[in-house]
Amino acid sequence: MNFAARSIRFTLLLSSTLALLSLAGCGGYGGGGNTGGGGNAPAAPTGLAATTANAQVTLTWNASSGATGYYVKRSTTSGGETQIAAQSATGYTDNAVTNGTKYYYVVVAYNSYGQSANSAEANATPVAPPPPVADVTITIDPTKTKPISPYIYGTNFYSGNTSPQPNFTFDRDGGNRWTAYDWINNGSNAGSDYFYENDNYLCNGSCNASIPAEAVRMFIAADQTAGLASLVTFQLQGYVSVDTTTVQVPMPFPNLNYFRPVVYKKNTASNASFTVTPPPATTDKNVYIDEFAWALDQKFSGMNIFGTNPAHPTFISLDNEPDLWNSTHAEVQGSTNVSSDSFITKTTTLSKALKDLKVQFPTQFSDVVIFGPVNYGFNGIYGWQGDPTLNPTPNGADWFADKYLAGIKAASTTYGAPLVDVYDFHWYSEATDGTTRVTNMTGSSLTDAQVQAIVQSPRSLWDPTFTENSWITNSVLHAPITILTRIQSKIAAANPGMKIAITEYENGGFNHIAGTIAQADNLGIFGSQGVFAANFWPPNGTYSYTLAGFRAFRGFDGINANFGDTSLQATSSDAASVVVYASSDSTTVGRIVFVAINRSNSNKVTAINGQALSGTAHLYQMTGPSAVGQAVVQPVSIGTMAVTGPSLTITLPAYSVTTIDVQ
C-alpha cells in the first residue's frame with residue numbers, strides 16, 4: 001500500500017477510535033456524579049433525619065429515584081463525614097456511638113451510572129435515657145455511722161451446722177443442756193428437753209469425759225481453729241449433775257440427790273488452790289465456777305482468751321433462759337421459779353467472782369466479758385414470766401429489764417466496774433399470719449400471707465410503723481414491739497454503755513426465699529442498730545435458705561468478699577417493700593457495699609441516693625427462681641454496672657436479696 005492510502009486508512013481509524021471513546025464517556029459508569037449516554041446517577045437524597053436513643057442514632061431519608069443503594073457517612077465535625085456503611089434501605093441505625101457526643105451525617109445515593117452529591121447534613125447527640133421513676137427511694141446519710149460488730153454473724157453449735165457454713169464469726173455453746181453442766185466430769189441434764197436425764201450427752205463419742213471441762217475445751221478449740229470467737233455458758237442456777245451416769249431423775253422435783261451444789265467463788269468455801277483436776281464429789285461435793293474459768297484459761301495457756309485483744313476472744317454467758325428454769329429445769333429448780341430479786345443477786349455474786357480473777361491474774365482475765373440475763377423471750381424481758389413483784393406496763397420503766405439494769409448498775413457502782421457487759425436475750429419471732437407462728441412455717445411451699453408474715457417479722461426489732469400480728473401486740477403492748485429500740489432506751493436511762501446481744505433467734509421460712517430475706521434483714525438490722533453479738537439458732541431439719549441470708553453479707557462472691565465494717569444510715573421511703581443496708585470498708589478506701597432487700601411480690605425500681613460512688617458495682621443476687629436447683633443456696637453474680645456520683649438506681653426483683661459491692 002502506498003503512503004497516501006496508508007494515510008487515509010490511519011485517519012479513518014483514528015476518527016473511529018475517537019468516536020468510540022466519546023460514546024464510552026457518555027454511556028459508561030464514570031463515578032463522581034458524572035452522567036453519560038444511556039442513564040444518569042441519582043439525585044442527592046432528601047429528608048435526612050436523625051433521631052436518638054440510648055447509645056444509638058437512627059437515620060431515615062427519602063428514596064432517590066433510580067438509586068440502587070446509599071452510602072452513609074458520619075463525622076464528629078461538620079463537613080468531615082466519611083463512609084461508615086453502604087446499603088439499599090432508606091434507613092440506618094448507628095450503634096457505634098457514645099452518649100453525649102454530637103455526630104454529623106450525610107447520605108449519598110448511587111447506581112451503576114454514578115453517585116449523587118451529599119444530602120443535606122443532619123446531626124444528633126445520643127443520650128442515656130433518664131432513670132425510670134423510682135418506686136422506692138433510699139436515702140443514705142454517710143455522716144451518720146456506727147461500727148458494725150464482727151460478732152453479729154454468729155450461730156449456735158458451729159460444728160453442728162449444715163455444711164458448708166457461711167463465713168460465721170461467732171459461736172455459742174448454749175441451750176438447756178448447759179444449765180446443769182458439771183465441768184469437773186462433763187455430765188449434764190437434759191431438763192424438759194428429754195425426761196430430765198443426767199448423762200454423758202455433751203461428751204458422748206466426741207471427747208473424754210474424765211478430763212475436766214473437756215466438752216467446753218473442745219468447743220473453744222474448734223472455734224479457734226475456725227477463726228471464731230466463742231460464747232460459753234457458766235452455771236448460775238445452783239446445781240449441776242453429780243456424774244455422767246445415765247438416769248432419768250425421778251419426781252418429785254426438785255430432786256437434788258442427783259446433783260452437786262455450785263459455789264461461785266472457791267475461796268468462800270475452800271482453802272484449796274485452783275486445780276485443773278478437782279477431786280470427785282466424794283471428796284468435795286462443791287463445783288467452783290471461778291475455778292472453771294481459770295481451768296479454761298489454763299487449757300489455752302498464753303492465748304489470753306479472757307484477756308485483752310486475743311486473736312479470738314471467749315465470752316461468758318450467765319446460764320440460759322433463767323426465766324424458764326421452773327419449767328425447763330424443774331429437776332433442780334422445782335415448780336417455783338427464782339424471783340427477779342434473787343436472780344439479780346445471783347448474777348452480781350457470780351459476776352464479781354469472775355471479774356475478781358483479774359486481781360490475781362491481771363493478764364489472763366483483764367477483759368472478761370459477761371452476758372446476762374439471757375431472757376428466753378418477750379415475757380421474760382417484760383415481766384420475768386409473771387413475777388408477782390413486777391407490774392409492767394407497755395410504755396413504763398417497770399419491766400423486768402428496767403429492774404435488772406438498775407440492779408446491775410447499782411452493784412457495778414459499788415464494785416467499781418461493770419459486772420454485766422452485755423444485755424442478752426432470745427428472740428423467736430411470735431409473728432403469725434393470723435393462725436400459724438412464723439417459726440412453724442418451715443416448708444418450701446408457703447402462702448402469700450405466710451411469706452409476708454415471715455419477711456416482715458424482723459421489723460418488730462426496730463420499726464415504729466410496723467405492728468406484727470401476735471399475742472404481744474394484740475394482748476400486751478397494743479402497739480409496735482420495737483424490742484431493740486425499747487431495750488436501748490432502757491439501757492441509756494439505767495445503765496449507759498451496756499451492749500446488746502440476741503444469742504438465739506429464728507424467723508421461720510427455713511426452706512423458702514422468705515427465710516433468706518428475713519435472715520438478711522436481721523443481719524442488716526443488727527449492724528445498723530449497733531447490736532454487739534447475735535447467734536442464729538439452727539432448727540431441726542434443713543435450713544439452707546436461712547444460711548443464704550448470711551451469704552448476702554459474708555462471702556457473697558463465693559470466696560471472702562464481705563459487707564463493710566461501718567454502717568451508714570439508710571432510710572427507706574417504703575420499708576414495707578424495700579430496705580437497703582449500707583456500709584463502708586475501713587480497709588479499702590472508697591469501697592461501699594449495699595444489701596438491698598425487696599420483700600414485696602413485685603419488682604421495685606429503687607433509687608439509692610446520698611452516698612458518693614465511683615467505680616464498678618458488682619452485683620450478686622438471690623431470688624426464689626435462682627435458688628431452685630442450687631445444692632447450696634447462695635448469691636449468683638448478675639454482672640456489673642458503672643457507677644458515679646451520689647445516686648444509683650436498680651430494679652430489684654420480687655422477693656430478692658441483692659448485694660451491691662462498689663469499688
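Before reading the sheet I noted the criterion: two strands count as paired if DSSP finds at least two bridges between them. The model is predicted, and I kept that in mind throughout.

**Sheet.** I looked up β15 and found that this strand and β17 (residues 259-263) pair in the antiparallel sense over 3 bridges, which meets the requirement of at least two bridges. Within this pairing, I found Tyr239 standing opposite Pro261 in β17.

**Cores.** Which residues touch the most other members of the largest nonpolar core? I found Tyr423, Phe425, Trp427 and Ile483, in a core that counts 120 residues. Helix α13 (residues 513-528) gives the most to this core, with 8 residues. I also listed the contacts of Ile483, leaving aside its neighbours within four places in sequence, and recorded Phe378, Ile381, Trp399, Phe425, Trp427, Ser460 and Leu461. A second, separate core holds 20 residues, among them Ala582, Phe594, Ile608 and Ile650.

**Aromatic pairs.** I noted 41 aromatic pairs in the structure. Phe157 lies in the loop between β10 (151-156) and β11 (170-173), while Trp537 lies in the loop between β23 (533-536) and α14 (544-551), so the pair ties together parts that are 380 residues apart in sequence. Is Phe157 buried or partly exposed? I recorded Phe157 as partly exposed, because its relative accessibility is 29%.

I next looked up Phe274 and Phe361, which form a stacked pair at 6.4 Å centre to centre, with 25 degrees between the planes. This pair also links distant parts of the chain, since Phe274 is in the loop between β17 and β18 and Phe361 is in the loop between α7 (357-360) and β20 (370-375), 87 residues apart. Phe361 is buried, with a relative accessible area of 14%.

**Cluster and charges.** I found one aromatic cluster formed by Tyr158, Phe168, Tyr505, Phe526, Phe536, Tyr543 and Phe550. Finally, I noted that Lys499 lies over the face of Phe532, at 5.4 Å from the ring centre, and that the charged end of Arg554 sits over the ring of Tyr153, 5.3 Å from its centre.

Key
Residues numbered from 1 in each chain as written. Predicted model: local features only at pLDDT ≥ 70, side-chain atom pairs only at ≥ 80, totals over all residues. Heavy atoms only, no water. Helix = DSSP H or I, 4+ residues; strand = E, 2+ residues; numbered from the N terminus. Core = buried A, V, L, I, M, F, W, Y, C linked by side-chain atoms within 4.5 Å. Buried < 20%, exposed > 50% of the residue type's maximum accessible area, 1.4 Å probe, protein only. Contact = heavy atoms within 4.5 Å. Phe/Tyr/Trp six-rings, centres within 6.5 Å; stacked < 30°, edge-to-face > 60°. Lys NZ or Arg CZ within 6 Å of the ring centre and 35° of its normal.
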